[in-house]
Amino acid sequence: MKTAFAFLLTLFICFSEGSPSQAQNSPKPAPQRVDVPDIAPRPEDVSSIDGIMKAYYEVISGPAGQPRQWARDRTLYIPEIRFVMLSESKTGQAIAQIASHQQFVERSNPMLVKDGFYEQEIHRVTQKFGYIAHVFSTYETRLKADGPPIGRGINSLELFYDGKRWWIASAIWDDERPDNLLPAEYLPEASVPQTK
């Protein structure tokens with residue numbers, strides 16, 4: 001778990017712009033600009049919830065040294081998407097880090113490409129009404145495709161269908177922690193302890 005905690009903490013620091021006190025004491029260099037060209041969405045990525053969820057995990061995953069599919073990623077979201085990463089301070093207070101797509105790309109890209117990163121959906125709960133859907137997607141993260149899991153959590157996504165395609169309108173996630181274990185209903189059956 002030390003490896004998992006260290007990696008996820010580093011990712012959090014990369015994602016975060018830091019607290020006001022950190023900014024006063026040690027200004028952080030601006031993230032390196034990552035060019036994300038505008039491209040047309042792949043029809044298979046946006047024609048169904050299954051398709052958009054598959055793409056959501058594929059675009060961010062890959063081995064060390066491989067560029068991530070940020071242009072494809074951007075096609076999944078409304079233009080003004082906001083990502084919210086939840087974590088906890090040392091004193092147990094909730095911390096929400098909010099970023100645009102470009103901010104998320106620039107904060108996370110260096111480490112994802114340097115170290116490799118794979119995120120895989122292991123369970124999903126979807127609620128739909130009319131043209132809207134809410135997805136609770138449980139994930140596992142790894143440094144290598146065939147490596148051991150280093151973390152788990154839940155992506156909470158709001159989606160809508162505009163008559164032509166699906167869009168992700170918001171993406172919020174929180175990682176599993178010792179005091180924030182994944183409930184059994186959000187785990188695949190094989191991961192749920194069996195009662196006798």
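**Salt bridges**

User: Which side chain does D179 meet in a salt bridge?
Analyst: D179 pairs with R177, at 3.8 Å from N to O. A salt bridge here is a side-chain nitrogen of Lys or Arg within 4 Å of a carboxyl oxygen of Asp or Glu. This is a predicted model, where local features need pLDDT of at least 70 and side-chain atom pairs count only at pLDDT 80 or more, while totals for chains, interfaces and linings use all residues. Residues are numbered from 1 along each chain as its sequence is written, and side-chain values use heavy atoms, with hydrogens and water left out.

User: Is D179 buried or exposed?
Analyst: D179 is exposed, at 53% relative accessibility. Buried means under 20% relative accessible area, exposed over 50%, and partly exposed in between (1.4 Å probe, protein chains only).

User: What else does R177 pair with?
Analyst: R177 also forms a salt bridge with D174, with the closest N and O atoms 2.6 Å apart. D174 is partly exposed, its relative accessible area being 24%.

User: How many salt bridges are there in the whole structure?
Analyst: The search finds 11. One of them joins E106 to R33, whose closest N and O atoms are 3.3 Å apart. This pair links distant parts of the chain, 73 residues apart: E106 lies in helix α6 (residues 101-115), and R33 in the loop between α2 (20-25) and α3 (43-46). Helices (H or I, at least four residues) are DSSP runs, numbered from the N terminus.

User: And is E106 buried or exposed?
Analyst: E106 is buried, at 12% relative accessible area, whereas R33 is exposed, at 60%.

Note on methods
Helix = DSSP H or I, 4+ residues; strand = E, 2+ residues; numbered from the N terminus.
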